[in-house]
Amino acid sequence: MMLTERLRRLPVATRMLVSALVLILLVLPAAGVLLSWNFREAVNTAFNERLESLLNVVIAGVSYDVRQDALVTSRQLGDSRFDQVFSGWYWQISDGSERVLTSRSLWDQRLAVFHEPGMVFHRITGPRNKPLRLLERDIRLPNLDDVLHVQVAADLGEVEAQVARFQTLLWLSMVTLGGLLLALIGLQIRWGLAPLRRIEQSLKAVEQGRQPFVETGLPRELARLAEAINTVLERDQRLIARGRTAAGNLAHALKTPVAVLTTLAERLPEDQQAAMWSELKRLDEAVRHHLARASAAGPVALGAEQDIAAVLKPVIEGVRRLAGRRGLVFQSELPPGLRVRIDAQDLQEIVGNLLENAINWAKSSFRLTGRVEGKSLLLSISDDGPGMSPETRQEAMSRGGRLDEVKSGSGLGLAIVAELAALHGGSLRLDLSADGGLLAEVTLPLMYPESGA
């Protein structure tokens with residue numbers, strides 16, 4: 001199952017290269033075997049035809065001398081190898097007994113006689129154990145009653161050497177051709193899949209907010225796919241915006257009746273007010289929570305990267321003015337060039353809530369700092385207030401937990417901050433600051449580097 005799953009996940013280019021390699025490994029060897037067999041047959045046919053031609057020349061030149069009672073020949077075969085001793089090329093004429101006429105190359109050796117009718121080829125072992133191909137034919141001369149066996153034999157080593165040379169060149173050519181075909185197919189695949197890589201790069205650009213839609217300047221089939229993707233993206237963006245607006249409207253619609261009910265609760269008898277206010281407080285917190293959540297953009301799957309300092313500048317300026325009116329010292333340390341892929345409104349919501357809580361609880365000062373650690377951005381807000389115990393920190397981050405049980409106007413609690421950070425792939429951590437107050441650290445993933453094609 002694991003192997004099957006891995007095969008299903010193979011990239012398209014790898015699939016095409018593997019299939020091309022399998023095809024080459026099947027077709028080229030089969031073609032090589034077929035070519036080798038055809039060449040061997042062609043060489044053997046040409047060799048046999050040459051032997052037959054030489055045999056006819058020998059037959060045309062043989063005669064019987066009655067006075068000497070001997071066989072004689074008047075034709076030369078025109079090949080010096082028949083005159084070289086044990087050259088591998090021989091001819092022989094015999095009546096099967098005493099009358100024998102041979103080429104000089106045969107010297108004192110004799111060829112085996114098979115006594116078969118017609119023209120017959122045989123493979124024999126000749127002088128010096130060389131493999132020979134022998135062609136034999138029986139004839140009759142006018143003035144001789146005995147049947148003559150005319151034979152021509154040639155060394156098979158030449159044929160085998162030609163075939164071996166051809167096979168060596170053939171397989172070298174096949175290997176070279178296979179490698180060349182594989183390289184050309186690889187280039188063809190790369191060129192053919194280039195539009196898909198462009199779609200991937202275009203989608204990455206849309207995801208990172210560098211362009212609004214997928215590029216459509218592609219081949220016809222992929223252009224239709226890109227247009228369909230753009231249609232889906234546009235529709236999803238409209239649905240997200242509509243859903244966020246509807247949620248905000250709903251939260252606002254609930255907020256007013258809650259305020260009215262709170263006013264009416266004050267007219268109830270005192271023994272009923274406590275229970276009513278408790279339930280209204282829970283309802284008010286839920287409404288405020290979802291109102292803030294609806295106003296935030298949520299996770300940015302297709303959003304732009306943001307410059308931290310530029311996005312937080314209006315928040316920092318407003319907090320600085322508020323801190324000055326309250327006699328608090330506010331320090332902001334955000335190095336230039338920090339960028340993160342997040343909706344600007346969400347980032348302002350996260351930092352604004354934390355700074356608001358710091359203002360409400362700080363005794364004399366609070367601080368905002370930003371730094372990069374690995375592939376993450378760390379935003380830290382610390383104050384010199386009373387701080388929080390571990391149990392209190394855990395309760396404050398739970399849904400509906402608040403820091404404003406004593407002081408009013410300090411926001412919706414830390415649950416919405418933790419939720420927004422988590423939606424963007426980050427987290428919120430609460431700890432004690434160096435001044436003894438609260439330290440809130442928000443971790444957000446940095447802008448991912450663009451993947452190479």
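**Reading a patch and a core**

Modeller: Let's start with Val 27, which is partly exposed at a relative accessible area of 44%; that label sits between buried (under 20%) and exposed (over 50%), using a 1.4 Å probe and protein chains only. This is a predicted model, where local features need pLDDT of at least 70, side-chain atom pairs count only at pLDDT 80 or more, and totals for chains, interfaces and linings use all residues. Residues are numbered from 1 along each chain as its sequence is written, and side-chain values use heavy atoms, leaving out hydrogens and water.

Biologist: Which helix does Val 27 lie in, and which residues make the nonpolar surface patch?

Modeller: Val 27 belongs to helix α2, residues 12–61; helices here are DSSP runs of H or I, at least four residues, and strands are E runs of at least two, numbered from the N terminus. An α-helix has 3.6 residues a turn, so residues three or four places apart point the same way. The patch, about 450 Å², is made by Val 18, Val 22, Leu 23, Leu 26 and Val 27.

Biologist: And how do I read a nonpolar core? Which residues touch the most other members of the largest one?

Modeller: A core is a set of buried Ala, Val, Leu, Ile, Met, Phe, Trp, Tyr and Cys residues joined through side-chain atoms within 4.5 Å. The largest has 41 residues, and Ile 308 and Leu 347 are among those touching the most other members. Elements supplying at least two residues each include α6 (308–325) and β11 (365–373).

Biologist: What is Ile 308 in contact with?

Modeller: Contact means heavy atoms within 4.5 Å. Beyond neighbours within four places in sequence, the partners of Ile 308 include Leu 334, Arg 339 and Leu 379.

Terms used:
Patches are made of residues with over 30% relative accessible area and no salt bridge: like charges are joined within 9 Å, nonpolar side chains (Val, Leu, Ile, Met, Phe, Trp, Tyr) within 5 Å. Accessible areas come from the Shrake-Rupley method with a 1.4 Å probe; for residues, only the protein chains shown count as cover. A salt bridge is a side-chain nitrogen of Lys or Arg within 4 Å of a carboxyl oxygen of Asp or Glu.
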